[in-house]
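User: Please take a close look at one part of this model, namely the packing between its secondary-structure elements. One connected answer will do.

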Amino acid sequence: MQKYHENRLKRIIDETHDKLFSILFAMCGEAHLCEDIMQECYIRLWQHIHTVKDDHAILALLRQYARNIFLDEMRKRGRQKELLLKITPEDIAPSPDEKVMNEEKHQLIQQAINKLPQQQQLIFRMHKEHDMSYRQIAAELEIATGTIEKQMNRALRSLKHELIHLKRMDAGLIIYFSIITVY
């Protein structure tokens, strides 16, 4: 009996897939969402296939499943949108402690950049702070793009070596602040 229901479901999917997709696309206009809803429709059909007697009414049943699932999805999206609208800037603003830590990290990063050799520092700032491409920097400084790449790689390696302790500092501060809040 199981094999019969499997073959029946395969046949139903083959016969209804395109029609169901068209119906759903007319409802929502999103191909990804259509595919997700169709998958859910066929799962529901599989769960109740033993109770469905009339194969001629299958498309109507799938249409009803699709409509209900689509409406559930729209309600869910509406709730998510409401939750997002309730978030205030204060909810996502950093705490005073986080602000201090971020300022300290920013200062440490700027100090590390300032320690770079002059050309590496210039190239790094042009690329990262002014969003210039390697080609634009090469044209501006009248040097080869390969030189820009080498200088950026060296700068990044130096910064990584210089700032590796920031990760440890973050972990240490998190532990420190969690200890303070416990006492």
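**Helix packing**

The accessible surface of the protein is about 13300 Å², and carbon and sulfur atoms hold 56% of it; areas come from the Shrake-Rupley method with a 1.4 Å probe, and for residues only the protein chains shown count as cover. This is a predicted model, in which local features need pLDDT of at least 70 and side-chain atom pairs count only at pLDDT 80 or more, while totals for chains, interfaces and linings use all residues. Residues are numbered from 1 along each chain as its sequence is written, and side-chain values use heavy atoms, with hydrogens and water left out.

The protein contains 9 helices and 0 strands (DSSP runs numbered from the N terminus: H or I of at least four residues for helices, E of at least two for strands). Of its 183 residues, 25% are buried, that is, under 20% relative accessible area with a 1.4 Å probe, protein chains only. Among contacts (heavy atoms within 4.5 Å) with a separation of 6 or more, 61% join residues 24 or more positions apart.

Helix α2 (residues 31-48) and helix α3 (residues 58-86) have axes that come within 9 Å and cross at roughly 125°. Axes are lines fitted to C-alpha atoms, for helices over the stretch in contact, and angles run from 0 to 180 degrees between N-to-C directions. α2 is therefore oblique to α3; angles under 35 degrees count as roughly parallel, over 145 as roughly antiparallel, 65 to 115 as roughly perpendicular and the rest as oblique. The α2-α3 crossing is right-handed, meaning that the near helix is turned clockwise from the far one by less than a right angle. Residues making this contact include Leu 33, Ile 37, Cys 41 and Leu 45 of α2, and Leu 62, Tyr 65, Ile 69 and Met 74 of α3. By class, the contact of α2 with α3 has 13 nonpolar, 2 polar and 5 charged residues (Ala, Val, Leu, Ile, Met, Phe, Trp, Tyr, Cys and Pro are nonpolar, Asp, Glu, Lys and Arg charged, and the others, Gly among them, polar).

Further along, helix α6 (residues 118-128) buries Gln 120, Gln 121, Ile 123, Phe 124, Arg 125 and Met 126. These buried residues pack against α5 (96-115), α7 (134-141) and α8 (145-163).

Two of those partners also pack together: the axes of α5 and α8 lie 10 Å apart at an angle of about 135°, and the pair is therefore oblique. α5 passes α8 in a right-handed crossing. Leu 108, Ile 109, Ala 112, Ile 113 and Lys 115 of α5 meet Leu 159, Glu 162 and Leu 163 of α8. This α5-α8 contact has 6 nonpolar, no polar and 2 charged residues.

Conventions
Buried < 20%, exposed > 50% of the residue type's maximum accessible area, 1.4 Å probe, protein only.
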